[in-house]
Amino acid sequence: QVQLVESGGGLAQPGGSLRLSCAASGFTFSSYSMNWVRQAPGKGLEWLSSIGGGGSNTYYADSVKGRFTISRDNAKNTMYLQMGSLKSEDTAVYHCAKMGHYWDLDYWGQGTQVTVAS
């Protein structure tokens, strides 16, 4: 019943920007923290960012701090990741994930591919 669907991925040039969206359904969206996690080719999962239920508390990995901005619109049950100053090393599959009651990421979207290349 819980569903998370990412969109907005695609091809961007180095230095460019993309905005990813995560549409959520099947739970009370505003009651849960949400996260962005990515997996680059040949690498493991990398946690990127999280946002509290009300949208005020945000956290970022050092690799994206200052370049990416996480936000959410609870009226639309949607979370966003605004990505700027993109680098080739940002190439990855980007997943959104719901935080459970015990700090586990209990539901994941299928992911959206981001490719940064000239």
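**Aromatic rings and a buried aspartate**

Colleague: Is Phe-27 buried or exposed?

Modeller: Phe-27 has a relative accessibility of 15%, so this residue counts as buried, although please keep in mind that we are looking at a predicted model.

Colleague: And Tyr-32, buried or exposed?

Modeller: Tyr-32 counts as buried because its relative accessibility is 15%, and buried means under 20%.

Colleague: How many aromatic pairs are there in the whole structure?

Modeller: Searching the whole structure turns up two aromatic pairs. In one, the ring centres of Phe-27 and Tyr-32 lie 5.7 Å apart and the planes meet at 80 degrees, so this pair is edge-to-face.

Colleague: Which residues form the aromatic cluster?

Modeller: The cluster is made of Phe-27, Phe-29 and Tyr-32.

Colleague: What sits over the rings of Phe-29 and Tyr-32?

Modeller: Over the ring of Phe-29 we find the charged end of Arg-72, at 4.2 Å from the ring centre, while the ring of Tyr-32 has the charged end of Lys-98 over it, at 3.8 Å from the centre.

Colleague: Changing topic, where is Asp-90?

Modeller: Asp-90 lies in the loop that runs between β8 (78-83) and β9 (92-99), and Asp-90 counts as buried because its relative accessibility is 0%.

Colleague: Which side chain is joined to that of Asp-90 by a polar contact?

Modeller: That is Arg-67, whose side chain is joined to the side chain of Asp-90 by a polar contact of 2.8 Å.

Colleague: What else is Asp-90 in contact with?

Modeller: If we set aside neighbours within four places in sequence, the residues in contact with Asp-90 are Arg-38, Phe-68, Ser-85, Val-114 and Val-116, together with Arg-67.

Terms used. Residues numbered from 1 in each chain as written. Predicted model: local features only at pLDDT ≥ 70, side-chain atom pairs only at ≥ 80, totals over all residues. Heavy atoms only, no water. Phe/Tyr/Trp six-rings, centres within 6.5 Å; stacked < 30°, edge-to-face > 60°. Buried < 20%, exposed > 50% of the residue type's maximum accessible area, 1.4 Å probe, protein only. Lys NZ or Arg CZ within 6 Å of the ring centre and 35° of its normal. Helix = DSSP H or I, 4+ residues; strand = E, 2+ residues; numbered from the N terminus. Polar contact = N/O pair within 3.5 Å; in protein donor to acceptor, adjacent residues only side chain to side chain. Contact = heavy atoms within 4.5 Å.
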